[in-house]
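Trainee: Could you take me through one part of this structure closely, and then show me how to read a few others in the same way?

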Protein chains: 2
Amino acid sequence: MQFKSLSALREHCQNLPTGNEVAVLAARARQERLTKPPGSLGRLEDLAIWLARWQGTNLPTLDHVDILIFAGSHGITAHGVSAFPPEVTAQMVANFAAGGAAINQLAKTAGASLKVFPLSVDTLTDDFTRGPALATKEFLQQVSLGYDAVDKDADLICLGEMGIGNTTVAAALCLGLYGGAASDWTGRGTGVDDAGLARKNDVITRAVAQNSSALSDPLTLLAALGGREFAAMFGAALACRHYGVPLVIDGFICTAALAPLAALHDDGLAHGLCAHVSAEHAHKDLLKRLGKKTLLDLGMRLGEGSGAALAINILRAALACHKGMATFDEAGVSE
Amino acid sequence: MQFKSLSALREHCQNLPTGNEVAVLAARARQERLTKPPGSLGRLEDLAIWLARWQGTNLPTLDHVDILIFAGSHGITAHGVSAFPPEVTAQMVANFAAGGAAINQLAKTAGASLKVFPLSVDTLTDDFTRGPALATKEFLQQVSLGYDAVDKDADLICLGEMGIGNTTVAAALCLGLYGGAASDWTGRGTGVDDAGLARKNDVITRAVAQNSSALSDPLTLLAALGGREFAAMFGAALACRHYGVPLVIDGFICTAALAPLAALHDDGLAHGLCAHVSAEHAHKDLLKRLGKKTLLDLGMRLGEGSGAALAINILRAALACHKGMATFDEAGVSE
């Protein structure tokens, strides 16, 4: 999919499939016949039904699971907003390729394929305290790239990211979308000290003031205050919705990148499961704004899709119960 | 292990190994060198270090994981404390054998072996509103059986149970151990109505009054207000501690069965990870009493070790990161 204009992209964001209600009803009826007290598997039951809705079948599958990681570099790293230098983004991309990062191990444990997309990581985006981070043309290119990174035959897509400085980017997006004080949305990221945190607050305050004309449109905002990996994750999430592929959303940065879709369409992230709540405190508030309840709360704050990857085996467990359990009749158990 | 007397068992409960501090230090040092901001894997880091402590090695393994389910039948079911008839216990044991229950699917998903121990399920324990549920001799037999159910070469043991009426038993144990009002500890279990809930409150109030002489000793209390599966889970947890096998504790009933070990030894459940918080509300309070933070909160209330089984793949993920990730030096990533 190549989006040629913001208005074409906007239209694609506003006309979204709503999932398969017939599959939902059939999956729910099946859950009620399985050998367990009704509701006793809690969210595992909801997860099976959610997979049924978005895959459009009573009996979903999880044979083909892709974890997509988009990596980008950010002009605002010049302001000292991260505990790590910007070249770590490219170094970590090399670490992904060599199999040495956390997400490599987590993907293996979850039986998922890992696909890494370095997005011009040697070129910083523009400094958004001075103007938009991405021009419209490049923004649309990155959204299109993310869209095309989704295999329409996948059973599940997990999104993740790598980008030194990108908790500041996510915070700027949230401040632009929801307002409040800068400090509502910033945190220590990979571990900045008090001075670094003050710089983050200052950077995003100036960024939102500088890009105030972008605030009225979520797509323009995402181009101005986002970055390449944000645009690509946004495109991938949109593709999942149109292709009928359930989506697992990682932490604060990933959620922030997709928030504009919820701003463009009330139900825009219904096909997305928020895997975990990040230790980055703003994530909790962002999830609340989006009406999302996470599956996990493990104090993680790594990114790379690490939280999303952990959700895969819980989904596998939910599906195994849904498809493999005996009914009361089959098992001869009294109801 | 055959425990011949309560005092022999008590001594075994009070002389507990404390885990391997050298392995903990080595595992912690390893975590600090891996390619991630320090602490960014949150509880995954703690889990790897916890496995190291109790397996006694810097590089733990999870090749041999057993899920043990103990099933028992309860005399107090005569009081109408469950939404299901007591014969469902034996029916579910048959369902486990046939592979049709939730735990069969969850064990498969987690790569664990399932071992089911029906404990005289056709014979109800005595009604504990009239006296102890189990005589001392049978109590010690069941504790010994649970102890011997643990393979000392296992890398991890998950405990679970099946027993119609056993949320009432767990509530009676908690009331006996911690006091308060009956309603602090009862809930709807598999789904009793208001009248059923009132009967549960009445039953456990009378049970604690009838067995008041047992309240001063946690083991006598467990015999009087427990049941066969409670005694066996207690024995299995004790074996895990002595054998150096980390333990995963399932929901409310399983936690209640092990609470006497924490009453006998301050640190008695340090080798046990509480997998999830049950939808049965008293579980939260019980966990607080024990100082335990769970890994998951998915609104589950099935038992069968279902929550514990879900924790296995999270532990596998933690271990995969611990053992498989590159260090900063190896990966050439700037610190």
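Mentor: Two strands pair if DSSP finds at least two bridges between them, and the strands themselves (E, at least two residues), like the helices (H or I, at least four residues), are DSSP runs numbered from the N terminus. This is a predicted model, in which local features need pLDDT of at least 70 and side-chain atom pairs pLDDT 80 or more, while totals for chains, interfaces and linings use all residues. Residues are numbered from 1 along each chain as its sequence is written, chains are lettered from A and ligands numbered from 1 in the order in which they are written, and side-chain values use heavy atoms, without hydrogens and water.

The part to look at is strand 1 of chain B, residues 65–71, which runs parallel to strand 3 (residues 156–162) of chain B and is joined to that strand by seven bridges; in strand 3 of chain B, Glu161(B) is the bridge partner of Phe70(B). Strand 2 (residues 113–118) of chain B also runs parallel to strand 1 of chain B, with six bridges between them, and there Asp66(B) has Ser113(B) as its bridge partner.

Seven of the seven residues of strand 1 of chain B are buried, that is, under 20% relative accessible area with a 1.4 Å probe and protein chains only (exposed is over 50%, partly exposed in between). In a regular strand the side chains alternate between the two faces of the sheet. Here Val65(B), Ile67(B), Ile69(B) and Ala71(B) are buried on one side, and Asp66(B), Leu68(B) and Phe70(B) are buried on the other, so that both faces of strand 1 of chain B are covered.

In the loop between helix 2 and helix 3 of chain A lies Ser40(A), which is buried, with a relative accessible area of 0%. Leaving aside neighbours within four places in sequence, Ser40(A) is in contact (heavy atoms within 4.5 Å) with Glu45(A) and with Met300(B), Arg301(B) and Leu302(B).
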